[in-house]
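Reader: I am new to reading protein models, and I would like to learn how to go from single residues to the whole fold. Could we work through one example together, slowly?

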Amino acid sequence: MTITDVDDLLPDPWDLLAGTDWASLEHACGSAAGTPALLAGLLADDAGTQARALRHLNDPVHHQNTSYSATVPAALYVAAILSDPRTGTFVVDRDGRVLPLRAALLDWVTSVAIEVDSEAEAHMAGVGLCLEEHSESVQVRALRPGLFQAVSAFLHAPDLAVQEAAIAAAVSLLDAPELVQQRALLTPLVRDVLVSSDNRSYRFRSHLIWRVCGSR
């Protein structure tokens with residue numbers, strides 16, 4: 001299986017927004033009824049609206065790295081719009097960095113993915129909790145092949161910020177059993193790009209692939 005062998009896993013983003021019963025879903029502040037209008041703002045014509053939509057993704061949709069019922073379709077929507085040219089505009093992320101919106105969205109995918117990986121599962125088990133009993137986490141895990149499909153389109157992006165964010169996001173998804181065969185394909189990119197990144201969190205992600213692959 002190659003990186004592109006997971007086609008047709010992503011919905012039309014507008015169908016997703018319109019076809020999801022957002023009012024029945026929740027985020028950190030309660031009902032997610034207003035979330036689709038805000039998510040649509042990610043593809044707005046002005047950076048202010050896009051930045052506001054990005055803030056909504058970070059909080060409350062994924063508040064303090066917690067998955068809520070609204071996080072699941074939001075993640076699918078983000079994956080579905082990554083290739084839209086309008087995500088190439090620049091925004092200020094939650095760390096105060098100015099970067100392409102696409103890179104910020106890839107970082108958001110990473111934050112969602114790492115909350116359902118085996119390390120997160122082990123941490124939950126250590127405090128007496130079971131990830132598999134958290135329905136939102138199980139649903140996010142099921143999305144990982146589709147998320148990987150979207151992320152992998154930017155593994156060789158000409159913009160270094162986008163490429164690094166895409167590699168980091170892809171590595172964060174490798175924990176999925178369905179993506180085992182992708183590990184060897186990502187190793188050269190991690191070695192040649194991510195290990196030397198100026199971004200400390202990306203360098204940390206680069207060590208994950210060695211742990212996942214069982215080598216150093």
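Author: Helices (H or I, at least four residues) and strands (E, at least two) are DSSP runs, numbered from the N terminus. This is a predicted model, in which local features need pLDDT of at least 70 and side-chain atom pairs count only at pLDDT 80 or more, while totals for chains, interfaces and linings use all residues. Residues are numbered from 1 along each chain as its sequence is written, and side-chain values use heavy atoms, with hydrogens and water left out.

Reader: Is Ser 67 buried or exposed?

Author: Buried means under 20% relative accessible area, exposed means over 50%, and partly exposed lies in between (1.4 Å probe, protein chains only). Ser 67 has a relative accessible area of 6%, so it is buried.

Reader: Which residues is Ser 67 in contact with, leaving aside its neighbours within four places in sequence?

Author: Contact means heavy atoms within 4.5 Å. By that rule, Ser 67 touches His 62, His 134, Glu 136 and Val 140, once the neighbours within four places in sequence are set aside.

Reader: How should I read a salt bridge, and how many does the structure hold?

Author: Side chains of opposite charge can pair when their charged atoms come close. The cut-off used here is a side-chain nitrogen of Lys or Arg within 4 Å of a carboxyl oxygen of Asp or Glu, and the structure holds five salt bridges. In one of them, the side chains of Asp 107 and Arg 97 meet at 2.9 Å, N to O. This pair links distant parts of the chain, 10 residues apart, with Asp 107 in helix α5 (residues 101-113) and Arg 97 in the loop between β3 and β4 (98-100). Asp 107 is buried at 17% relative accessible area, whereas Arg 97, at 29%, counts as partly exposed.

Reader: Which parts does the salt bridge between Arg 141 and Glu 121 tie together?

Author: The side chains of Arg 141 and Glu 121 meet at 3.0 Å, N to O. Arg 141 lies in helix α7 (residues 135-152) and Glu 121 in helix α6 (residues 118-126), so the pair ties together parts that are 20 residues apart in sequence. Arg 141 counts as buried at 13% relative accessibility, and Glu 121 is partly exposed, with a relative accessible area of 28%. Salt bridges that share partners join Glu 121, Glu 132 and Arg 141 into one network.

Reader: What can I look for at the two ends of α6?

Author: At the start of α6, a side-chain oxygen of Asp 117 reaches to within 3.1 Å of the backbone nitrogen of Glu 119. Just after α6, Gly 128 takes a positive phi of about 80°.

Reader: How many helices and strands does the whole protein have?

Author: The protein has 10 helices and four strands, and from the N terminus on the elements run α-β-β-α-α-α-β-β-α-α-α-α-α-α. The radius of gyration, taken over C-alpha atoms, is compared with a globule rule of 2.2 Å times the number of residues to the power 0.38. The protein has a radius of gyration of 16 Å, close to the 17 Å that the rule gives for 216 residues, so it is as compact as a globular protein of that length. Buried residues make up 53% of the 216 residues.

Notes: A polar contact is a pair of N or O atoms within 3.5 Å; within protein, one must be able to donate a hydrogen and the other to accept it, and residues adjacent in sequence count only if both atoms are side-chain atoms.
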